[in-house]
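Hi,

Here is the structure I promised to pass on.

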Amino acid sequence: MSRTLRVNYIQTDISIYKNGKICSLTFNPEKGTEIQFQNGKRAKAGCINCINPKCMGLCDEDIECVEFPDIAHDMSKYLCPVNAIKGGAKEIVIDEKKCIGCGLCVVSCPVGALYLKDGKAKVSHADNKDLDTFSVDTISIQKQNRFLEENDSPDKAGIIQEESERIIGNICDEIKTLSQEEQNILVRNLLIKLGNHATLARQGNVYMRMDGFYSNKKQFGVVEIETGADMLDVSRAILDDVAVVNVRYGVDKNKNRPLAIVLSLPNKRTDYWQVLKDIRDIVEMPIGTITFGALLILLWNNKEVYDFDQFYIDVDNSSIRSSVVSLVGRSVNIGDGFYGVLENSK
């Protein structure tokens, strides 16, 4: 059964920043975030203990894909796939034993109060002189909500975490231990934080076996998620998904841009790559393939992705490195073939 968001309403104190309008957040790997205010002042980012914390949950709009009408979907709004983040009396609390270091909570905090250090999410503390802190009541909640509405989308600079083989390897190992539901929630939320709407198909619907679907301002498509070695099943499942949503729900198959999200790109000898080429040539349907690791690297660099056609790869070219490099604007600190994150390991 899918989880529903449960916020721990035990806050005694909530805060806002005294300096008002936030212009930008600058992320500093391992060190926390700096806030730049419209009045020119700067401050160390710290938790303001939001009454409705975005670092914990999504909103309805995030999980609605208008291109897939009438398809029952999972209504879970959890952000953290492993439920490692809780509300506290004076600040958000991270359970580091559960945390896998994905950074979803970090990129979601409206004031940059969370950061990644040593592969775990941490809560930063602001200087008290920069904050107005209130006991929780109706008036203080209204003040905080107004502050957050006025600072809904500050510019973001810097990077959340510098990728490395150690960090990526550790997270990929963690992902393998997650349940299917946790893996799917991780993928859905990564897609959302990369600028898309995304949702998961409701479990138990025998007529709808796909993992989920996404949409953005440029394209939309069905999603299949695979962390094992059954890659041929992925391509077959995508064809089935496209057919079902076309016949049952009228989703145009010619506009559907399917996406396979995998833990590791399969080796070159796998038939998956030739099948992708055959599907493109015969059905005229490019299937994008991207890894968990690539999604994480893009997230840590504060990127948005609206064109998944750039992740079409097949037997002639089975590397997504150039696409990731183009998006982040620099070389990526992951060796050739490592964990199958950017190209085949063999």
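To start with the sheet: in which sense do strand β12 and strand β13 pair, and over how many bridges? Residues 212-215 (β12) and 220-226 (β13) pair in the antiparallel sense, over four bridges; pairing takes at least two DSSP bridges between two strands. Serine 215 has phenylalanine 220 in β13 as its bridge partner.

Before I go on, this is a predicted model, so local features need pLDDT of at least 70 and side-chain atom pairs count only at pLDDT 80 or more, while totals for chains, interfaces and linings use all residues. Numbering runs from 1 along each chain as its sequence is written, and side-chain values use heavy atoms, with hydrogens and water left out.

Back to the sheet, which is open and mixed, with five strands in the order β11-β12-β13-β14-β15. (Strands are DSSP runs of E, at least two residues, and helices are runs of H or I, at least four, numbered from the N terminus.) At the edges stand β11 (197-200) and β15 (288-291), each with a single partner strand, so one side of each has no neighbour in the sheet.

Helix α5 (residues 231-249) lies across β13 and β14, at about 150 degrees to β13. Angles run from 0 to 180 degrees between N-to-C directions, with axes fitted to C-alpha atoms, for helices over the stretch in contact (heavy atoms within 4.5 Å).

Now the cysteines. The whole structure has zero disulfides (cysteine sulfur pairs within 2.5 Å). Cysteine 55 is in none, and the nearest cysteine sulfur, in cysteine 109, is 6.1 Å away.

Cheers
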